[in-house]
Amino acid sequence: MCGRLSIAVSPDAIEARFGARPPPALAPRYNVAPGQPLAAITADDRDRVDPLEWGLVPAWADDPGSGHINARAETIAEKPTFRNAYANRRCLVLADGYYDWADQRGRGTRPYRFVRPDRDPFAMAGIWERREAGGEATETVAVVTTEPNDVVEPIHHRMPVILDRSEEDRWLDGEGTDALLDPYPEDDLEAYPVSEAVNDPANDSPAVIEEVDPPEQTGLGEFG
């Protein structure tokens, strides 16, 4: 699953990494939640970063509801909710980290942040839709998820599809899709515990990405 992420690097760093210019109003985000804008690069315009609302709503949906924040890689090509966007409207969702919660066996959950060892930004596989209603158009997005790698598995049973640099254009072009949806290599991903302040989307400051002392007796072992 992927239900919260961060993209707090500078616009210049985003442009240098992805070759796409963010909008001037793009501010650092440390705790992006569903329903809020994600920074995305669509296959239609790879030179620009666009804000897309997190929670995909199919164009044909009568009731938009809250949208779908994730799409499972295993069924994305067949499910009516996702198959058209998967075939025609792919995007890169930009992040420098994402969060997930570990079940503490009857003692609630504990948030962890997942990052690259070099802390560089990365791209997740996404799909998007445009829906017009009442004379207004809304563009929404879902993050594609897959099976966990060895870093994620002790914490959660799903993880976002994180793309290697060499895979980003291939994802947008619709090439080699099955291989691209595999779990990201565990050697390129780290996890560390963060404050429960991240549970509240209103807490959107550098403090939420800071590592805290690991919880006792979670059975999660060491991350590296």
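## Salt bridges and a pocket

Asp45 and Arg48 form a salt bridge in which the closest N and O atoms are 3.5 Å apart. This comes from a predicted model. Asp45 is partly exposed, with a relative accessible area of 25%, and Arg48 is partly exposed too, at 42%.

The structure holds 15 salt bridges. Side chains of opposite charge can pair when their charged atoms come close.

| Salt bridge | N to O distance |
|---|---|
| Asp45 and Arg48 | 3.5 Å |
| Arg21 and Glu15 | 2.7 Å |
| Asp96 and Arg113 | 3.2 Å |

Arg21 is partly exposed, with a relative accessible area of 37%, and Glu15 is partly exposed at 34%. In the salt bridge between Asp96 and Arg113, the closest N and O atoms are 3.2 Å apart. Asp96 lies in the loop between strand S6 (90-95) and strand S7 (97-103), and Arg113 lies in strand S8 (residues 109-115), so the pair ties together parts that are 17 residues apart in sequence. Both of these residues, Asp96 and Arg113, are buried.

Among the lining residues are Ile7, Pro23, Leu26, Arg29, Val32, Leu38, Val49 and Asp50. The lining divides into 10 nonpolar residues, no polar ones and two charged ones.

Methods:
Residues numbered from 1 in each chain as written. Predicted model: local features only at pLDDT ≥ 70, side-chain atom pairs only at ≥ 80, totals over all residues. Heavy atoms only, no water. 1 Å grid on protein atoms, 1.4 Å probe; cavity = no way out; pocket = protein on both sides within 12 Å on 5 of 7 lines; lining within 4 Å. Nonpolar A, V, L, I, M, F, W, Y, C, P; charged D, E, K, R; others polar. Salt bridge = Lys/Arg side-chain N within 4 Å of Asp/Glu carboxyl O. Buried < 20%, exposed > 50% of the residue type's maximum accessible area, 1.4 Å probe, protein only. Helix = DSSP H or I, 4+ residues; strand = E, 2+ residues; numbered from the N terminus.
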